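Here is a briefing on the structure shown below. Please read it alongside the sequence.

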Amino acid sequence: MHIRLSGILCQATGGASTVEVSGATIGDILTSLVQKHPAIQEHLDDGVAVAVNGEIYRDRRDQVIPEGSEVFLLPRIEGG
Amino acid sequence: MPYETDYTNQKFSVIGNRVNRPDGVDKVTGRARYGADASAAGQLVGKILRSPHAHALIKKIDTSKAEKLPGVKAIVTGDDFPDFTGGNRSLMDTLENCMARGRALYDGHAVAAVAAVDAQTANEALKLIKVTYKKLPHVTDVDEAMKPSAPVVHDWIRTAGIEPAPTTASNISQRNEFGHGDIDVGFAEADVIIEKTFKTEQTHQGYIEPHACLATLGPDGSGELWVTTQGHFTFRNMCASLLGLDVAKLKVTSSEIGGGFGGKTHVWMEPVALQLARKSNRPVKLVMTREEVFKATGPTSSTSVDVKIGAKKNGRITAASAELRYQSGAFPGMWGMLGAMTSFACYDLKHVKSVGYDVLCNRPKVAAYRAPSAPMAAFGVESVIDLLAAELKMDPVEFRIKNAAKKGTRASYGPIYGPIGIGPTLEAVKNHPHMKKRLGKNQGRGVACGFWFNFGGQTCTDLNIGIDGSVNLTVGTVDVGGSRASLALIAAEELGVDYDQVRVTIGDTSSLGHNDTTEGSRGTFSSGMATIFAARNAIDVMKQRAADTWGIPVEQVVWEEGVARAKGRQNSNLPPLSLKEIAAKSPRTGGPIAGHNEVVADGAGVSFASHICDVEVDPETGSTRVIRYTVVQDAGKAIHPDYVEGQFQGGAAQGIGWALNEEYIYGEDGTLQNAGFLDYRIPVCSDLPFIDTEILEIPNPNHPYGVRGVGETSIVPPLAAIGNAVSNAVGVRMTHVPMSPPRILKAIEDAQ
């Protein structure tokens with residue numbers, strides 16, 4: 001499976017906007033992403049959001065990712 | 001996750017009713033207790049000394065005379081706040097914003113604080129504190145701050161998001177780029193291209209209640225904080241981190257809140273109050289003045305935005321790009337990034353690029369303001385959309401409909417959309433009677449769209465049923481917009497009881513697990529979800545009690561309309577047991593009946609709105625009057641329609657003030673010139689028309705009732721809708737917010 005990145009997050013992957021990762025849940029693929037690009041850990045610590053087929057998840061690391069899903073890593077968003 | 005969060009198309013009997021608000025009587029009779037309404041025996045009065053300079057080195061703070069003043073019990077400066085941040089830069093920024101550490105970074109930055117027996121003594125002590133400053137060069141304009149020659153606010157800032165990484169300091173804390181496709185290809189395909197630059201000035205959320213708290217903190221590190229806040233759990237965690245306290249030893253209670261809109265999501269002076277309390281070993285009450293609220297809390301960004309959009313003659317947009325420069329105050333923020341993410345989110349674009357810059361200035365630390373950053377981006381984008389429609393001789397609503405994002409569209413910020421509501425809101429606008437009303441002389445109409453993300457987050461609730469069958473629901477999300485009424489409706493719906501049987505309380509931090517701050521339009525979405533599950537949990541308990549009473553397996557018991565029924569012909573002789581009957585017997589059937597839930601309520605679903613605005617502009621004075629305003633927004637399921645409409649109207653009202661009047665005005669010396677409601681004018685009732693609303697109920701597939709957040713999106717379109725309306729009324733494109741009378745007159749004169 002691939003995870004797509006945008007914004008400042010790409011800097012932590014050496015500019016790559018798509019990274020191949022493995023795992024069944026959001027938590028799994030983030031772990032896989034950190035293994036490939038340790039610099040992303042700093043952003044995970046600051047907070048990120050993960051969009052799975054367009055639905056944005058901020059905290060649910062146990063969210064199962066269905067087969068064939070589009071997964072997008074986004075910066076964490078603040079609200080008012 | 002004990003329960004499924006998917007939408008179930010459940011039929012409702014209570015949800016959707018316009019019931020009386022539970023806090024209404026308290027608020028109109030003055031019984032409601034806000035941040036400044038708490039007192040403690042022996043309390044002191046806290047006051048803060050603030051920098052009169054935009055940027056200055058603090059060479060020395062001499063507190064000796066103030067300390068000798070009778071009645072002064074404690075004085076703190078930056079030296080009284082040891083670094084417990086463990087190298088966390090964000091925490092250090094927060095600490096430094098609460099109390100300057102060697103440098104004053106903006107007019108109003110706290111440099112010292114006093115706790116004294118009364119306000120007079122505290123004020124006198126502030127005058128006796130001698131601060132020796134060395135003034136430093138300052139910058140308050142976002143475009144000026146980006147220039148290489150600008151005074152640097154922090155010499156440790158290196159712009160993130162640029163390769164190769166810069167080695168010199170800059171006021172640009174980060175650059176973020178979003179988009180897809182190739183805009184050069186897209187613009188080459190365009191028949192018409194419009195490019196414009198826009199500016200918006202800094203505004204404040206303008207909540208009526210100033211920041212206020214009452215703090216105690218003993219030598220054993222145990223303390224309490226009564227405070228007006230949007231998130232008392234977050235305040236607890238933040239204060240504990242900054243002051244080196246155990247989280248569990250600090251109890252934070254949220255007062256009633258007189259408005260927040262994002263401005264009460266951060267700590268500003270609460271750690272100072274706690275530190276004064278620790279040093280004096282007395283309770284300390286600290287209440288900001290309005291001037292302090294303007295100068296030293298978190299307004300929104302001022303911005304400078306370039307927008308370029310191209311389209312073919314058939315009305316299809318071929319490419320769009322934007323550069324968005326957002327001022328974040330004296331500390332790094334994410335505001336330019338959010339502007340870049342939201343700017344083109346309403347549209348289906350093959351080639352799109354948006355670049356956001358976060359820029360430091362010598363102004364107060366920027367905080368969220370209702371859908372933060374989206375209104376300024378929408379002002380630029382929706383203005384250019386209108387210009388393009390005019391150039392193509394197309395109806396601006398039809399042009400938007402033709403290019404609107406839909407299910408399957410790749411959002412400009414990255415992911416592919418699921419089912420979304422921008423198309424239906426535009427169709428509703430197109431068919432709304434407002435659009436058919438003829439305009440008079442000097443009048444103009446504007447339409448604009450807006451987008452906001454919404455989110456859920458960590459949530460925890462308790463539901464307890466009394467022996468008389470009354471229900472107490474305790475939630476941890478502060479009620480900023482009527483969530484207590486909505487959550488009572490949800491509990492009543494699930495349990496099958498009357499709305500009046502349910503009382504909702506906002507629990508303090510010692511009574512529930514962590515709850516995220518009420519922000520991101522999450523209060524009713526997330527606590528509503530947790531309430532549904534907590535109620536179902538309690539129903540499971542009551543079904544078991546009924547089964548035990550009847551001596552049958554619990555599998556043979558169902559819960560319908562507030563009663564337990566025994567299923568099956570073999571149980572037909574068993575009369576139903578109501579909630580009240582089960583509750584009355586509870587002491588002898590197993591004890592208290594309660595339900596609990598903790599959930600990470602994700603899947604809030606993105607939100608869209610489209611607004612229509614009519615204005616009349618006096619061409620001699622430049623004064624603008626909004627004569628009609630309509631909000632159309634997708635709310636998912638409207639739990640309490642009055643409150644949903646109130647959120648729509650409130651966002652529009654704040655947007656009207658922002659568009660026409662509100663503005664931070666800085667002098668040449670970098671000091672704020674209008675820190676009060678006389679000179680910073682928010683709209684009052686007589687400035688506003690009745691704001692009409694249309695609620696679209698497109699269910700959110702990720703909430704059992706289909707709920708979406710509704711609190712923020714309604715502030716996104718107004719700047720642009722009013723900008724388009726004013727531009728149409730005066731025949732000149734307005735590009736600078738607020739569109740105050742002098743700016744409108746100048747635009748007319750320049751055009752002539």
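Among contacts in chain A between residues at least 6 apart in sequence, what share joins residues at least 24 apart? The share is 49%. This is a predicted model.

**Chain A: fold and confidence**
- Two helices and five strands make up the secondary structure of chain A. Their order from the N terminus is β-β-α-α-β-β-β.
- Chain A has a radius of gyration of 11 Å, close to the 12 Å that the globule rule gives for 80 residues, so chain A is as compact as a globular protein of that length.
- Along the principal axes, the C-alpha atoms of chain A fill a box of roughly 35 × 30 × 15 Å.
- Of the 80 residues in chain A, 46% are buried.
- The mean pLDDT of chain A is 91, and 100% of its residues score at least 70.
- Helix α1 (residues 26-36) of chain A has the highest mean pLDDT among the elements of the chain, at 96. Strand β4 (residues 55-57) of chain A has the lowest, at 88.

**Chain B: overall build**
- Chain B holds 20 helices and 27 strands. Its radius of gyration is 27 Å, close to the 27 Å that the globule rule gives for 752 residues, so chain B is as compact as a globular protein of that length.
- The C-alpha trace of chain B spans about 90 × 75 × 50 Å along its principal axes.
- Buried residues account for 58% of the 752 residues in chain B.
- Of the contacts in chain B with a separation of 6 or more, 80% are between residues 24 or more positions apart.

**Chain B: domains**
- Three domains are assigned in chain B. Domain 1 covers 24-32 + 456-598. Domain 2 covers 35-136 + 215-257 + 264-282. Domain 3 covers 303-454 + 605-751.
- The centres of domain 2 of chain B and domain 3 of chain B, taken over C-alpha atoms, are 37 Å apart. Their contact involves 10 residues from domain 2 of chain B and 14 residues from domain 3 of chain B.
- On the domain 2 side of that contact in chain B, three residues are nonpolar, five are polar and two are charged.

- Strand β12 of chain B runs over residues 284-287. V284(B) and L286(B) point one way from this strand, while K285(B) and V287(B) point the other way. All are buried, K285(B) included.
- Strand β1 (residues 44-50) of chain B runs parallel to β12(B), joined by three bridges. L44(B) has V284(B) as its bridge partner in β12(B).
- Strand β9 (residues 212-217) of chain B pairs with β12(B) in the antiparallel sense, over four bridges. Here A212(B) stands opposite V287(B).

**Where chain B touches chain A**
- The contact brings together 35 residues of chain B and 24 residues of chain A.
- On the chain B side, β7 (172-180), α10 (335-342) and β17 (457-465) each supply at least two residues. β7(B) gives the most, with four residues.
- By class, the side of chain B that touches chain A counts 17 nonpolar, 12 polar and six charged residues.

Technical notes:
Residues are numbered from 1 along each chain as its sequence is written. Chains are lettered from A and ligands numbered from 1 in the order in which they are written. This is a predicted model: local features need pLDDT of at least 70, side-chain atom pairs count only at pLDDT 80 or more; totals for chains, interfaces and linings use all residues. A residue is buried if 20 or more other C-beta atoms lie within 10 Å of its own, exposed if 12 or fewer, and partly exposed in between; C-beta atoms are placed from the backbone. Two strands pair if DSSP finds at least two bridges between them. The radius of gyration is taken over C-alpha atoms; the globule rule is 2.2 Å times the number of residues to the power 0.38. Two residues are in contact if their C-beta atoms, placed from the backbone, lie within 7 Å. Ala, Val, Leu, Ile, Met, Phe, Trp, Tyr, Cys and Pro count as nonpolar, Asp, Glu, Lys and Arg as charged, and the others, Gly among them, as polar. pLDDT is the predictor's confidence in each residue, from 0 to 100. Domain bounds come from an automatic or database domain assignment.
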